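Colleague: I am new to this protein and would be glad of a guided close look at one part of it. Could you take me through it step by step?

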Amino acid sequence: MIDLSATVGGRTVTPALPIVDGSSPTPPELAFQETLNKYIADNVPLEPDEGIRTRERVLVKMGNLHREWIRSVASKRGLNSDAIDNAGGDLFTSGSYRLGVHEPGADIDTIAVAPNICTREDFFGSGYISPNKIEGDDEDSTPQRDPDSLAERIRRHPDVTNFVPVENAAVPILTFDWEGINIDLLFARLNTPSVPPNFDIDNDMVLSGVDSATEKSLNGPRVTNLIAALVSGTEQRYQTFLTVVRLVRRWAKGRGLYSNKMGYWGGVNINIAVALVLQLYPNACPASLLRKFFLVFKSWRWPNPVMLTKPHDAEMGLPVWNSHQAATMRQVAPMITPAYPAMNSTLSVSRQTLQILHEEFCRGHIIVDKLYKDYQRGDVLDEEKIESGEIWKELFEPSDFFIGYPHYLSVCIVGPTQQDAQSWAGFVESRLRKLVSDMLGRSLPLSKIQLWPKRFDACVADRTALLTHAQRANSITYFIGFRVDTLRMRGNQLDVERQLTNFRNYELSRFHPQIPGMDILPRSFAVKELPKICFEDIYEGGKVAAMKRRRMLIEADPKRIEAKNKKKLAKLKKKMEAMQRKKEEAETAANDKSNEEEAAAEEAAAAGAETDTREAADDDASESRKRKREEDAAPDEVENDPVKAEEKEEEEEEAALLESALDAIADVGVVHHKTREEAEIDRQKLLAGELLGDEADQADTAATAKTEKPERKLTREEHEAEILHRAGLVIVSDDEATVLGGNRILPWRHGYKQAMAGVKKEEPTDSSEKDDEASKRPKPSPARVRMAIKFKTKFDVVELDASGRVIDKGDDDFKPSLKWTGRKGGFEFKLSERGLGYYRTGKKVVVPSNIAYS
């Protein structure tokens, strides 16, 4: 029996899901692991010893500076020497550094813990008034910081560069580089007069009486410590965990999936995900665990939560995540932190980013699973690649984001100075996911949209943009790729101006203080118009190599190949029909001619041409039948091949065990128990963009109304609206009238001809056929009574043009005109609310509320 429980902070925690397979690695799995070890040694380097010592030295210096600052604050408060000496203070780390992942160039997440005598204003030094400032002197309005604050002490240190304070965030933070190592420093203020030397941050009582920012800051090391405890049953298991975490982080960064603030997975999400897979397969080697990682999350029943242990409530009044809350029903891919208070660490993941994550999980599983099976067969893979570990290269290949979409939108973030640009860019970066998922993804006819989380330190704004040299120098750029849904597209232009305006007005306007020169500049690109900087670090040959790979991927697309085959077959059929017509014409001409020899010669020529065409068509048809036979014979081949049959049996057994483990989620917080089929339907609906939370709310509301409230009598207006709905008409109000006839396929929409052709029925031409059909036809039903609808409310009848827009024909106060046609008494020619035309002077123009404008 494998015990995966752990005791942290005086509390024993156990895994939320049962073990799927606790067996030890088999000899083939261990041999497969050797190939991964070779790839890791050459491509996934660890931090060198010198770098590790540098990080330790920096943390020691920061700790000494932190304690000196606390002593200075205590001295300012007038405390005695004993209270100053006992004030304490400590630094804690979280994330990858705390776990020991040791990636070169990775940042260090640190938390400065201080007693209640230190405030956040003391930490940042805000609100400071210099004693040398003359009263009424407002020449220098730049806010100054207290020179004794911890922020100013760090900024003045000679080894510190790129210092950026972010004080107005939900979790205030200091970001800087100390001896070239990036540090993210948070502040936590305890509700105690001192920080004892034996301070246990994992104890839930440390959260008693703290504010929201302190709670979130302390949650980082508390979550990391609990994850480390849950995977530290044995030294080998912990090393397996670290190895897979490094591999998944490298895979996510290369595929453009590593950024929590951009809507994807961050470091803590990857740690939780790998720890969960290790709980399901506790004795697996890293290669097998990596394959299980992709299997688990490509099969995960979203929006069911990912959790390492059941949420625990310490009854301190802090909100704890549970699936019974109404807000959690809109979370598409919740991943719950194991420490108190349990919260969703993937709130930023949207339906669009979940779709991309799911596609990448499926791709990763296909690659790793095929590698494992080919390695077991022994005669498929190249021996040189096996020896060097290059067989794993395909899994970690960079994403084809910059050649995978036909259209792109760049967002260039500019600022007047380097310091202002850094703070402005940090704020805009935290809001970009809302622009992509909430505004562009929901309101535009797009089939797919993706934000590339890596920024480019360059300005790709249009040259005609009115930017200063400083703004172009202090700018960064992000790219968004998207595909247009042609079935929902109206017209031939996609207008994103309204979404960008809303993004500026409702999201970016929250940044304070906004300095002139801070702005975002969008620009659209076709795939072939992208700048060269997009391809330099991904493809060895730059943009030329990228375009060649794009052409190769397009040519290898199965849908494109199938379309070409259908087009070729249709061309051959058309040629055969032409030859058949020629043959018939030749036969008719032969009957009229007296010379039988000439008619025979013409017939022979036509037959020979027909034979050639038939042979070509038969060859194409035989190829199609051959492919179909191969596809039909594939299951038989699996049954006849004992190796493939055994692999298929192992896959089915593995999937069955995993599904049984996922069934246990119903006992750890899911509102209603669902069958596997229902869970799969919910996942497909979620990936398709349907809001499950809304459906659940509607279903619960409808059920409550049926059981608790009697049926309400409809008003006259509601009764008339119901009659119109049953008649197939669309009822819209003045406020929401944007598209008329939304439920009809209009002439300019795709599929109109097919829909109209399906309405028409072929009428038999022969009288005998008519008699037979009449005998088979059922008895006619009684004649339908025609219904006439009389509107009690007057409506303006509008006319639509070919693009579906309302034609404004004018009235007594307005006469549309595209050009000036001369003076008209009492009218003025101008461009106003109703468009270009003649407006009656001295009278306010009112747009009729019952006319729809698109």
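Predicted model: local features only at pLDDT ≥ 70, side-chain atom pairs only at ≥ 80, totals over all residues.

Where is the place of V195?

Modeller: The place of V195 is in the loop between β7 (181–189) and α7. V195 counts as buried because its relative accessible area is 5%, which is under the 20% cut-off. Leaving aside residues up to four places away in sequence, V195 touches N86, A87, G88, G89, V113, A114, P115 and L190. Take N86 from that list: V195 and N86 are 109 residues apart in sequence, yet their C-alpha atoms are 7.7 Å apart in space.

Let us follow the chain from that loop into the helix. Helix α7 spans residues 212–230, and R222 lies in it. R222 is buried too, because its relative accessible area is 3%. What does its side chain reach? Another is the backbone oxygen of D202, which the R222 side chain reaches at 3.3 Å. Not counting residues up to four places away in sequence, R222 touches I201, D202, N203, D204, V206, L207, A339 and Y340.

Y340 is joined to P341 by a cis peptide bond, with omega at about -5 degrees. You will find P341 in the loop between β9 (335–336) and α11 (351–377). A cis peptide bond also joins W302 and P303, and here omega is about 10 degrees. P303 sits in the loop between α10 and β8 (306–307).

Going back to β7, look at the loop between β6 (173–178) and β7, where E179 is found. Phi of E179 is near 55 degrees, a positive value in a residue other than glycine. E179 counts as partly exposed because its relative accessibility is 28%. E315 has a positive phi as well, of about 60 degrees, although it is not a glycine. The place of E315 is in the loop between β8 and β9, and with 71% relative accessibility this residue counts as exposed.

Helix α1 (residues 27–43) and helix α10 (residues 286–298) meet at an angle of about 90 degrees, and their axes are 7 Å apart. The two helices are therefore roughly perpendicular to each other. On the α1 side, E29, F32, Q33 and L36 take part, and they meet P286, A287 and S288 in α10. By class, this contact has four nonpolar, two polar and one charged residues.

Helix α17 (residues 542–555) and helix α18 (residues 558–592) pack at about 60 degrees, with their axes 6 Å apart. This pair is therefore oblique. R551, I554 and E555 in α17 meet R560, I561 and K564 in α18. The residues of that contact divide into two nonpolar, no polar and four charged.

Finally, a step back to the whole protein. Its secondary structure comes to 25 helices and 18 strands. Of its 854 residues, 39% count as buried, V195 and R222 among them. Among contacts between residues at least 6 apart in sequence, 68% join residues at least 24 apart.

Methods:
Residues numbered from 1 in each chain as written. Heavy atoms only, no water. Axes fitted to C-alpha atoms, helices over the stretch in contact; angles between N-to-C directions. Helix = DSSP H or I, 4+ residues; strand = E, 2+ residues; numbered from the N terminus. Parallel < 35°, antiparallel > 145°, perpendicular 65-115°, else oblique. Contact = heavy atoms within 4.5 Å. Nonpolar A, V, L, I, M, F, W, Y, C, P; charged D, E, K, R; others polar. Buried < 20%, exposed > 50% of the residue type's maximum accessible area, 1.4 Å probe, protein only. Polar contact = N/O pair within 3.5 Å; in protein donor to acceptor, adjacent residues only side chain to side chain.
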